[in-house]
Amino acid sequence: MQVFDYEDIQLVPNKCIVDSRSECDTSIKFGPKTFKIPVVPANMQTVIDENLAELLASNNYFYVMHRFEPEKRIEFIRDMEEKNLYTSISVGIKQEEFDFIDSLVAQKIVPDYITIDIAHGHSDRVVNMIKYIKEKLPDSFLIAGNVGTAEAVRELEHAGADATKVGIGPGKACITKLKTGFGTGGWQLAAIRLCAKAATKPIIADGGIRTDGDITKSIRFGADMVMIGSMLAGHEESPGSVYVQNGKTYKEYFGSASEYQKGEYRNVEGKRMLLPAKGPIMETLKEMQQDLQSSISYAGGKDLMSLRKVDYVIVKNSIYNGDLH
Ligand SMILES: NC(=O)C1=CN([C@@H]2O[C@H](COP(=O)(O)OP(=O)(O)OC[C@H]3O[C@@H](n4cnc5c(N)ncnc54)[C@H](OP(=O)(O)O)[C@@H]3O)[C@@H](O)[C@H]2O)C=CC1
Ligand SMILES: Nc1nc2c(ncn2[C@@H]2O[C@H](COP(=O)(O)O)[C@@H](O)[C@H]2O)c(=O)[nH]1
């Protein structure tokens, strides 16, 4: 198997066929809806909250609400529905989550999107939850993860998942590789390729995105959607405490398996960090869209799927020849 990561790859340009980058279409149909760009903020407590979810949904961006305040989920869905906005929530796999699915059914609530959010998604417990949700809420678009192998993608799809989420340990706040020796950290892009080749349904590339060009590379290697944590955290609208150190403002970003999230030091696989405070998230998303439009023009196409056809070369450590800062 060829092993590489984002910084090892460069895409080879094709002849441009547009007069302006504004002609390039970055939209993506994912599940029942079409979104402006193939990017979704990570379903982490320092990345997304109810207000940001509303902002994203009302501006045609995909979002996945996190699952760390489980008691607020039904109220959240009702609020979004009242505003005629689509609904997208996360669940776990413990017994109380099966009860939560039952309570949705009892109240006739059908979320548009449900994401099963588990560190090691290739397990019978996840398969059972997929089957349960598909039986009880067949009209919800069901995303399951996280996984890092072709076998896992096939098994979750076979159980009924409508999309799978790929990435074990490449995240910025992640320490899974260090704590366990496992994961796709260091070869996430190759793992996306491996999983996409096995997939018959959409996949989400999750974790390890450090530049806008990495979004393009994820699409090239088979992702339909790209989940981003650290690059979309730390904005004005981002949840997370603000800190001022030596006159500079920072916002916290912590892993969902960190002791800050868990409230205890048990099976910790995530850390906390302070990110320099950024401006409005809409500016960052707009820049991502413009960079994707440029990418499409370099690909010699007019839409996102033209990225899939471009050649690539493996250039070890190329980031040092083109770093942004
Ligand atoms: N994408 C990634 O690389 C990673 C993401 N995360 C994020 O951290 C959050 C917490 O995840 P998670 O711990 O799965 O959620 P939960 O705390 O809900 O745990 C899931 C359930 O699976 C059991 N389990 C058994 N083996 C494992 C295993 N190897 N990894 C995880 N659970 C296992 C757990 O039991 P018990 O706790 O008793 O073992 C628990 O009952 C999620 O948001 C997840 O996405 C965490 C690590 C990696
Ligand atoms: N191993 C861990 N992975 C985690 C944890 N919390 C979140 N995550 C994953 O990271 C991505 C975001 O990655 P980034 O590189 O864009 O910052 C997120 O979507 C999760 O899949 C954790 O505690 N441990």
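Some ground rules. Residues are numbered from 1 along each chain as its sequence is written, and chains are lettered from A and ligands numbered from 1 in the order in which they are written. Because the model is predicted, local features need pLDDT of at least 70 and side-chain atom pairs count only at pLDDT 80 or more, while totals for chains, interfaces and linings use all residues; side-chain values use heavy atoms, with hydrogens and water left out.

Ligand 1 to begin. It has 18 residues around it, where being near means having a heavy atom within 4 Å. The closest are R67, D117, A119, R125 and G169. Now the polar contacts, meaning pairs of N or O atoms within 3.5 Å. R67 puts a polar side-chain atom 3.0 Å from a ligand 1 oxygen. A119 uses a polar backbone atom, 2.8 Å from an oxygen of ligand 1. G167 has a backbone N or O atom 3.1 Å from a nitrogen of ligand 1. The protein covers 69% of the 860 Å² of accessible area that ligand 1 has on its own. That area is a Shrake-Rupley value with a 1.4 Å probe. By class, the shell holds six nonpolar, six polar and six charged residues. Here Ala, Val, Leu, Ile, Met, Phe, Trp, Tyr, Cys and Pro are nonpolar, Asp, Glu, Lys and Arg charged, and the others, Gly among them, polar.

On to ligand 2. What comes nearest among its 22 residues? C174, T176, D206, Y253 and A257 do. Y253 brings a polar side-chain atom to 2.6 Å from a ligand 2 oxygen. The shell has seven nonpolar, 11 polar and four charged residues.

Next, the helices. α4 spans residues 124–136 and α5 spans 150–159. These are DSSP runs of H or I, at least four residues long, while strands are E runs of at least two. Their axes, lines fitted to C-alpha atoms over the stretch in contact, lie 8 Å apart at about 30 degrees. So α4 and α5 are roughly parallel, the word for angles under 35 degrees.

Last, the backbone. Most residues other than glycine have a negative phi, and most peptide bonds are trans. The G145 to N146 bond is cis, with omega near 5 degrees. N146 sits in strand β7, residues 141–147. N84 has a positive phi, near 60 degrees. N84 lies in the loop between α2 (73–82) and β5 (88–91).

Definitions and conventions. A polar contact is a pair of N or O atoms within 3.5 Å; within protein, one must be able to donate a hydrogen and the other to accept it, and residues adjacent in sequence count only if both atoms are side-chain atoms. Axes are lines fitted to C-alpha atoms, for helices over the stretch in contact, and angles run from 0 to 180 degrees between N-to-C directions. Angles under 35 degrees count as roughly parallel, over 145 as roughly antiparallel, 65 to 115 as roughly perpendicular and the rest as oblique.
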